[in-house]
Every structure is written in structure tokens, then in C-alpha cells.
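Work through the following exercises with the sequence and the model in view. Try each task before reading its solution.

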Amino acid sequence: MDADEPIFPIAGAAELAGMHPQTLRQYDRLGLVVPRRTAGKSRRYSLREVAQLREVQRLSGEGVSLEGIRRVLELENEVVALRDRVRQLEAALANELLSRPGARVFASSSQGDVVPLRHGTRAARRTELMIWRPRSRPLDPDVIEDAEVE
């Protein structure tokens, strides 16, 4: 279920928020929690707006002014909108990267540096093999006998 879907009439939203319907009307007039309207102009609240009503009640109980509550809700709504936008941009970026496979190809130079390759080119094939074996204890530079020679 979509948290932004306007499904609750004012009486249902008031009951869920633990408030009187007249309080919800007042908050609507003040612009604190503004529900969407049906074609017949009746208010319909979403789950997100019911949660905002509970937040208004909590902040009001802590002594925050209505103007302070309005600002808090405004900032919270902005955060939700920005998170949604970030998700959209991440999805667009992922789709773009998936639609362009091989657009960014890298290889290692003979010195070990990472170098970009043009699309469609291949790195030179090398045949050298390097074996690395970790030592069980650090090599003492003063004792040459500890060195393994292969």
C-alpha cells in the first residue's frame, strides 16, 4: 500500500491520530497537515499525513509552537522529497550504466598503473607469471639464510 494514497476520511484520520476532527480542520486551515480533497471537496488523509498528525501532537505536547511545528513538518517533507529524488537519480544512473556496457574499460600498465582503454581496444596480452607466497614471519634483513630461493 502506498503511504501517500489518500484513503482516510477526516473521522478515520482523527481517530487514528487520537485527535478531534475539528483539530484536523484547524491544522488544515493553518497549513500544518493539508490533506487532499475529493471531487466533492471532502478531506482524505494518507498514512503519511496521519503520521504527521501524530508528530504534530507529540511536538505540541513538548511545548513546540505551531510555527515551529510547521517548520519541522516542512523540513521533514523536504527530506522525503529529496530521498525520493536521490532514488530516482540512482535508478537512472544504474540504467544508464547498464545500457552502456564497456564504456569505461581499464587495464594495468607494465608499471602497475591503471590506464583507461578506448572502447573496442584490448590490452596487450602478457605471458609473465609472478608467484607471491606470504611468509609466516617477517624476513630479518640481517639473516640471509632465512630467504627462500627457488
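**Exercise 1. Which pattern does the chain follow when read along the sequence?**

Solution. Step 1: set the rule for naming elements; helices (H or I, at least four residues) and strands (E, at least two) are DSSP runs, numbered from the N terminus. Step 2: read along the sequence, which gives β-α-α-β-β-α-α-β-β. Step 3: check the totals, four helices and five strands.

Two notes apply throughout. The model is predicted, so local features need pLDDT of at least 70 and side-chain atom pairs count only at pLDDT 80 or more, while totals for chains, interfaces and linings use all residues. Residues are numbered from 1 along each chain as its sequence is written, and side-chain values use heavy atoms, with hydrogens and water left out.

**Exercise 2. Describe how helices α3 and α4 pack.**

Solution. Step 1: recall that two packed helices are described by the angle between their axes and the distance between the axes. Step 2: locate the helices, α3 at residues 47-61 and α4 at residues 66-99. Step 3: take the axes, which are lines fitted to C-alpha atoms, for helices over the stretch in contact, with angles from 0 to 180 degrees between N-to-C directions. These axes come within 10 Å and cross at roughly 145 degrees. Step 4: list the residues in contact (heavy atoms within 4.5 Å). From α3 these are R48, Q52, E55, V56, L59 and S60, and from α4 they are I69, V72, L73, E76, N77 and V80.

**Exercise 3. Is Q52 buried or exposed, and which residues does Q52 touch?**

Solution. Step 1: state the cut-offs; buried means under 20% relative accessible area, exposed over 50%, and partly exposed in between (1.4 Å probe, protein chains only). Step 2: apply them to Q52, which lies in helix α3 and counts as buried because its relative accessibility is 11%. Step 3: leave out residues up to four places away in sequence; Q52 then touches V33, L73 and N77. Step 4: for the whole chain, buried residues make up 17% of the 150 residues.

**Exercise 4. Where is A13 found, and what is A13 in contact with?**

Solution. Step 1: A13 is found in helix α1. Step 2: its relative accessibility is 0%, so A13 counts as buried. Step 3: apart from neighbours within four places in sequence, A13 is in contact with F8, L24, Y45 and V50. Step 4: follow one of these partners, L24, which touches I10, A13, A14, M19, Y45 and L53 under the rule that residues up to four places away do not count. Step 5: compare sequence and space; A13 and S46 are 33 residues apart along the chain, and their C-alpha atoms are separated by 8.3 Å.

**Exercise 5. What is the phi of K41, and where does K41 lie?**

Solution. Step 1: recall that most residues other than glycine have a negative phi. Step 2: the phi of K41 is near 75 degrees, a positive value in a residue other than glycine. Step 3: K41 lies in the loop between β2 (36-37) and β3 (43-45). Step 4: K41 counts as exposed because its relative accessibility is 63%.
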